[in-house]
Amino acid sequence: MSIPPSTAANLPLPQWAYVPGETGDAEADHDTLWQAKALVPARFRDFVPARHPALRYGIALNNAGYFWESQEILEAVWAAAPQGGRERILLRACIQIANANLRLRMRKPHAAARLLSEALGELDTLAARKATVPGDGFADGFPTAALAAQLKAKLAQPLLSKADWVEIGTIGR
């Protein structure tokens, strides 16, 4: 299930999906991405809220096929996430998934498989770090086990292709 872009603070989708080396002289649609990055605080206090619009937008971008753009937004959220927090672990996994999807689009299945394996490792780390108190953080209600199962299924395939990109899923409750 994906998050419709309209629920991500009504931010517009970029005008095109940037693919390094394949979009000619066109740069990424930085003006559109700036709108989402502007929503990210310098630091999140205790956790990254699951409903934060930039976070939701970054996931919606991945699910809509804007993988480079998704990675850019999720990295901005990750940089503001509390050090050592569970959200940083989950955000790293999401960034690696977006990067893997980009590599699939670029016809680099081995790089994609490596990145998906790293994302799975992050999800395993997150599963081992149970929340002490359930809250409203990104990692608190996220379907981590379902995403890990999806990654395992993709990695069990003999050769990943462009059709094998991974939706990060829904974070809404």
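Helices here (H or I, at least four residues) are DSSP runs numbered from the N terminus, as are strands (E, at least two).

This is a predicted model, in which local features need pLDDT of at least 70 and side-chain atom pairs count only at pLDDT 80 or more, while totals for chains, interfaces and linings use all residues. Residues are numbered from 1 along each chain as its sequence is written, and side-chain values use heavy atoms, with hydrogens and water left out.

In α6, Thr144, Leu147, Ala148, Leu151 and Lys154 are buried. Buried means under 20% relative accessible area, exposed over 50%, and partly exposed in between (1.4 Å probe, protein chains only). Viewed down the axis of α6, the buried residues fall within an arc of 120°, so they line one face of the helix; the arc is that of the directions from the helix axis to the C-beta atoms. An α-helix has 3.6 residues a turn, so residues three or four places apart point the same way. On the face of α6 turned away from the buried side are the exposed residues Ala145 and Ala146. The buried residues of α6 pack against α4 and α5, where contact means heavy atoms within 4.5 Å.

Helix α5 (residues 109–128) has 20 residues and reaches 29 Å from its first C-alpha to its last, close to the 28 Å expected. Its buried residues include Pro109, Leu116 and Leu123. They fall within an arc of 160° seen down the axis of α5, so they line one face of the helix. His110 and Ala128 are exposed on the face turned away from the buried side of α5. The cover over the buried residues of α5 includes α4 (86–105) and α6 (144–155).

The structure also holds three aromatic pairs. Rings of Phe, Tyr and Trp (its six-membered ring) pair if their centres lie within 6.5 Å; planes under 30 degrees apart count as stacked, over 60 as edge-to-face and the rest as tilted. One of the pairs, tyrosine 18 with tryptophan 68, is edge-to-face, at 5.0 Å centre to centre and 75° between the planes. Tyrosine 18 lies in the segment before α1 (30–37) and tryptophan 68 in helix α3 (residues 67–80), so the pair ties together parts 50 residues apart in sequence. Both tyrosine 18 and tryptophan 68 are buried.

Notes. Expected span 1.5 Å × (residues − 1).
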